[in-house]
Amino acid sequence: MNTIPISKSVRQTNKLLPFGFVCAAICFIAPSGYTDERERFFENHIRPVLIEQCYACHSAEAKTLQANLRVDSPAALRRGGDSGPAVVPAQPEESTLLQALEYEHWQMPPKGKLPDATIEHFRKWIADGAVDPRSDPIEPSEPITANRAELAKSHWAYQPIARPGVPASRSDWSRSPLDRFMEQGATEVQLTLSADLDRASLLRRLYLNLIGLPPSPAEVLDFLQDKNPDSIERVVDRLLASPHYGERWARYWLDLARYADSNGADENHNFPVAWRYRDYVVEQLNADLPYDEFVTQQLAGDLLEANTIDERRDHLTATGYLVLGPKMLAEQDKPKLIADLVDEQLDTIGQSLLALTIGCARCHDHKFDPISAEDYYSLAGILHSTKTMANLDFVSQWNTRQLPDPDLESQIAAHQEIVKRAEAELAMLLTKPEDQRLDEDKLAIEKAKQHAETLKKNAPRLPTVMAVEEAKIKLVPIHIRGNHLQLKGQPIPRRLPALFEHTMPQPEMPEQKSGRLELAHALFHSQNPLTSRVIVNRLWSWLYGHGIVRSVSNFGLKGEKPSHPELLDWLASEIIYQEWSLKAMQRKLVLSHAFQINSIAAENQKIVDPDNRACTHYPLRRLEIEPLRDCLLAIGGNLDRKMGGQAASIYGANYSEDGRGKNEFDALRRTLYLPVNRAALHELFATFDYVDSGVSVGKRNSTVVPHQVLFLMNHPFVRQQANELARRLAQHELLSDTRLDPNPLKARIQLVYLECFSRMPDTTELTLGQTFLQEALTTISPNVSLETADPSSLEQAWTEFCHALLTSNESMYIP
Amino acid sequence: MQDNPVGALTLAERCSRRSMLKSSALGFGAIALADILARSSQGEERALDQVHFAPRAKRVIFLFMHGGPSAIDTFDYKPLLDRDDGKPLPFEKPRIQFAQTGNLLRSPWKFRQYGQCGAWISDLFPEIGRCADELCFIKSMHGSNEAHGGALLKIHTGSDTFVRPSKGAWISYGLGSENANLPAFVTINPTLGHGGVQNFGSGFLPPEHQATRIGSSGASMKTASIANLTPPRAKRLDQRQRLDFVQKLNQHQLQRHGHNAELEARIESLELAFRMQMEAPDVLDLSQETGATHKLYGIDEPSTENFGRECLLARRLSEAGVRFVQVSHAYWDQHAELKEKHQELAQQVDKPIAGLLQDLKRRGLLEDTLVIWGAEFGRTPTAQGNNGRDHNPHAFTYWFAGGGVKPGFSYGKSDDYGFYAVDQKVHVHDYHATLLHLLGLNHEKLTFHYGGRDFRLTDVHGRVIHDIMS
């Protein structure tokens, strides 16, 4: 991984953060030209011959790879194939490649010996060290199989989790064990944590983080007056109990689960019932379903015992997690469709639940992490034994299942009886021979036919969900280079990757079942080193903008190391003590003193710790598009707080066909409920860094691009919210509140600040505001003052003012 | 645009203003690596000196014919197909086919030779035919996916298996924008099916490399524009007046908050948005072109008007410094009605494309602008019904013009009937490698680290076709 000198400044502007990876390494583009004469020699004399004469059978392009030998990669050439190393640098006589060219033991290329001059070029090239400048992006330069076990034993993320002792408190600053770890981290780099955030901003920080909506002006004013020592705690408990909490936090999970309302990929079919999975996530987070059950239901809900019908419905719905990925529905090579589908599932499971990049091992052993191709195909066997597709027709269809509903089922049964009767009536009429039917008979038959058809069409149906079921057990062998047409050796038994073996036992895989349930149980085995570390790190990252381990979906050797390893382990063991309650953990996090410090970086913090790894100030962070749009709606007084339900109805039926359904802003509901159309992702989503709903995303980018400002400046939706706020202002319920300035103009400015930024303006801002309002008014209607202007001109001026606040930076950030 | 502060400058002058972006690392289209390196070492105008090779082209216009026009009815002349009409294909059909086809079907169109180079082109494209001496054909293109969605993703992103950045995004990432006030990658009327946004998305590359979209398949070019360019109308209140106040609020927040790189970046971004709002409508405004130019692109004729506008817009964007402009035209999927529909579709694009080539040439832009014509695949020489052809990813034709390719040249061959590429085969990955090479980028070195490894547009494949380069 090359770094370049500018990467640090780039990182500071958050510009180049790829999903899930803070350490954005961009590869260095070397100056042009060959590094030396030997490279030129290779390019002129060797590479063209290899391509022309050998690639057809000995490269990734080969239909069937011959002799396990590839010559399109330097590492593969050195490693060789079935006959040993093809090239031994500086030793032409040891190189089987040369022997073959010379038609000694082998004869290559088969259609005829190459000219002597060409063979001499190869001899010289090998003798000169076989310099081969071709990059080897996926081939390891050396096989690392031997080191695999060693790596697993030593890498931090694969170590058992021991509950670390809590450092002693050095001051009365700390309120919790968590604070003491943070204090210790700061002390280690000789920094102190920033001062406390002011109370109004703290309230805004809590609201935006926990429910994704701003506090109302009254809530801000009340909180500022509340002198009770438990005032913050009460706010936190209220927010965690709010149904809006689930709406805010579901979005994070939906990113991980690559949730969407259409397939994307090649055929962008609607996912008309995906929303049931989305609602399931919202409801379970609101109900604080323990994380172990939450995940187990998503991997294997269909295999769980349910106590109630509702539970059974939830269990089935949860497995949508496995079905939601993009699929190549029109791929005509159906075994490839399945192999790609399993790969997509494994990649999602690996990254979202374990921060393991398992997907890398599809084509070869993982280049960096101790995950072998065998590990990959052992897990793949579990998913090959699971039914995700309903059929493999020309355009294939994903699997859905009916949700049980006893009331509806009896209705359906009753309806079927009615249909049967109607059909019997029709059959009766039809018994009369055709040539004897009178006109009235024909009419009666026609009527009876229609009646039966209408009844059938209007039959009540059980609701369906995208869900998996068990399939025939199918173990798979290693696919050479991930190609389902090139299999190697015996089918691999199902198991966890070997790296888990040094902390926990392998699960027993049942012969007659897919093993999904066993996989889920293994994730929550008390000695599993990854599951709890990964989730507490995510909780942290969703509250702070970055994790204790910043590469939130990659805990491998190329991922980042934890900034506070002991804190991470303490939290990872704490969540188990808390019986996997996510709310209990979030409560601890936001009530810590460390969470309540301000976001101002002191000079020495910037110098000593420019990336704020010690988290000595709270990282200022831009709102994602969902809370950003929701806040705008709330400020405009237009937010429709209805929860749940189908997304597609918002747009009209055609949305995924051409992306040109109704204007999305017709829907005033929370952004979570807008359909996510993979092939025609709404421009607003893309503009604000929600760019890919087809892969598991652990952390969205936060870019600064002008399209974002253009949206805020010019989109009629934003203007409309500004206008509604301006209009509301005239009759605002707090207008004569004694806590506001007695001057009505100043009071209104204060109200706009409370609405937009959840705080009171300072004196400078009051002055700036008054000046701008007067200026705007003068332009709109010359020669009038704020006191004498007509209501329409005033409203325009206030709209300008509100719009300016909504366009400014403060409206986009969590303080 | 009376209040446009830059209205007095010519388009070219405006486009050469590279303003503060160069020093602020906040390019519209992004931070191209080469840009950053150039800025840190050389300052202005040096971006391209840092690429891997001397670039032969600085920008690309990709004319994408969605649905898959038939190569053997357009640019890949097959006399034997004429002779053997109605006979069975004398060799095996592929292992996997999209649909079943019957016997060989001759082309309904006559072919004739054009220009000094004597290229055979069918009567579907008489106007393009007259530009034959500018064209460089590859008649041995082949891919690996026989369905539209997979093939579109393959041509656009190099992968029909995984979610990957599109080639325009890679080029934006590699080279950045020539014009700080415009995006580096624009797509005009793309389809939102068959992969949709993924075909012009940024995948794991930073989001600023995704395409800015103008319209979508079938949209009228009279109204299509970039989103959110027009400020809300209010009585005489100037946008600048509004922004000045916003900036005062931002500065005040910054003072309250203390130095913060991201907040400062946003303050600059607001200025950039303002400049873009001033400049982009100007670039998008086709009425600034003369009547003769409109005529050249066929904008005066109803059947060629819309695609003519797309091509003219592509030229203006390209001229203004957009690196990669894609223009899409649909829908060339003639499983039936080949004769009627291919005729109709070809007529819609023939004159506009010829107009584009001539216009670029007379402005001296063709030298360093690469024009590419192609689709996701071609069509089978064997018939579907009696007037249709199936998808054929095993052989199809692309042509290039301008930016560093041999004019009046043809590379590669398909078999006697045009079913399989046989000679000097060019895989989609090879096409990508060559495209990047022409822009000065080494496809093996243009990488991005993601999910544990370095990724390339060409994955582990790709061979540069040096033979087509001038």
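Predicted model: local features only at pLDDT ≥ 70, side-chain atom pairs only at ≥ 80, totals over all residues.

Biologist: How should I read helix 22 of chain A, and which of its residues are buried?

Modeller: The buried set consists of A:Leu567, A:Leu568, A:Asp569, A:Trp570, A:Leu571, A:Ala572 and A:Ile575. Their cover includes helix 7, helix 21 (531–544) and helix 23 of chain A. Helix 22 has 13 residues and reaches 19 Å from its first C-alpha to its last, close to the 18 Å expected at 1.5 Å a residue. Just after helix 22, A:Glu579 takes a positive phi of about 50°.

Biologist: How is a pair of packed helices described?

Modeller: Two quantities are used, the angle between the axes and the distance between them. In chain A, the axes of helix 29 (residues 716–730) and helix 32 (residues 791–807) come within 8 Å and cross at roughly 125°. The two helices are therefore oblique to each other, and helix 29 of chain A passes helix 32 of chain A in a right-handed crossing. Among the residues making this contact are A:Leu725 and A:Leu729 of helix 29 and A:Trp798 and A:Cys802 of helix 32.

Biologist: In chain B, at what angle do the axes of helix 8 and helix 9 cross?

Modeller: The axes of helix 8 (residues 239–257) and helix 9 (residues 261–284) of chain B cross at roughly 170° and come within 10 Å. Angles over 145 degrees count as roughly antiparallel, and helix 8 and helix 9 of chain B are therefore placed in that class. On the helix 8 side the meeting residues include B:Leu243, B:Val246 and B:Leu254, and on the helix 9 side they include B:Ile267, B:Leu270 and B:Phe274.

Biologist: How many helices and strands does chain B have?

Modeller: Chain B comes to 13 helices and 17 strands. Of its 470 residues, 63% are buried. Among contacts in chain B with a separation of 6 or more, 75% are between residues 24 or more positions apart.

Biologist: Could we turn to a single residue? Where is A:Pro491 placed, and what does A:Pro491 touch?

Modeller: A:Pro491 is in the loop between strand 8 (487–488) and helix 20 (516–523) of chain A. Leaving aside residues up to four places away in sequence, A:Pro491 touches A:Leu475, A:Val476 and A:Pro477. The C-alpha atoms of A:Pro491 and A:Pro477 are separated by 3.8 Å, although the two residues are 14 residues apart along the chain.

Biologist: Why does A:Pro491 count as partly exposed?

Modeller: A:Pro491 counts as partly exposed because it has 15 C-beta neighbours inside 10 Å.

Biologist: Finally, which domains does the assignment give for chain A?

Modeller: The assignment gives domain 1 (37–127), domain 2 (290–399 + 470–495 + 507–523), domain 3 (406–461) and domain 4 (714–814). The C-alpha centres of domain 3 and domain 4 of chain A lie 66 Å apart.

Technical notes
Residues numbered from 1 in each chain as written. Chains lettered and ligands numbered in written order. Domains from an automatic or database assignment. Helix = DSSP H or I, 4+ residues; strand = E, 2+ residues; numbered from the N terminus. Buried ≥ 20, exposed ≤ 12 C-beta atoms within 10 Å, placed from the backbone. Contact = placed C-beta atoms within 7 Å. Axes fitted to C-alpha atoms, helices over the stretch in contact; angles between N-to-C directions. Parallel < 35°, antiparallel > 145°, perpendicular 65-115°, else oblique. Left-handed = near helix turned anticlockwise from the far one by under 90°. Expected span 1.5 Å × (residues − 1).
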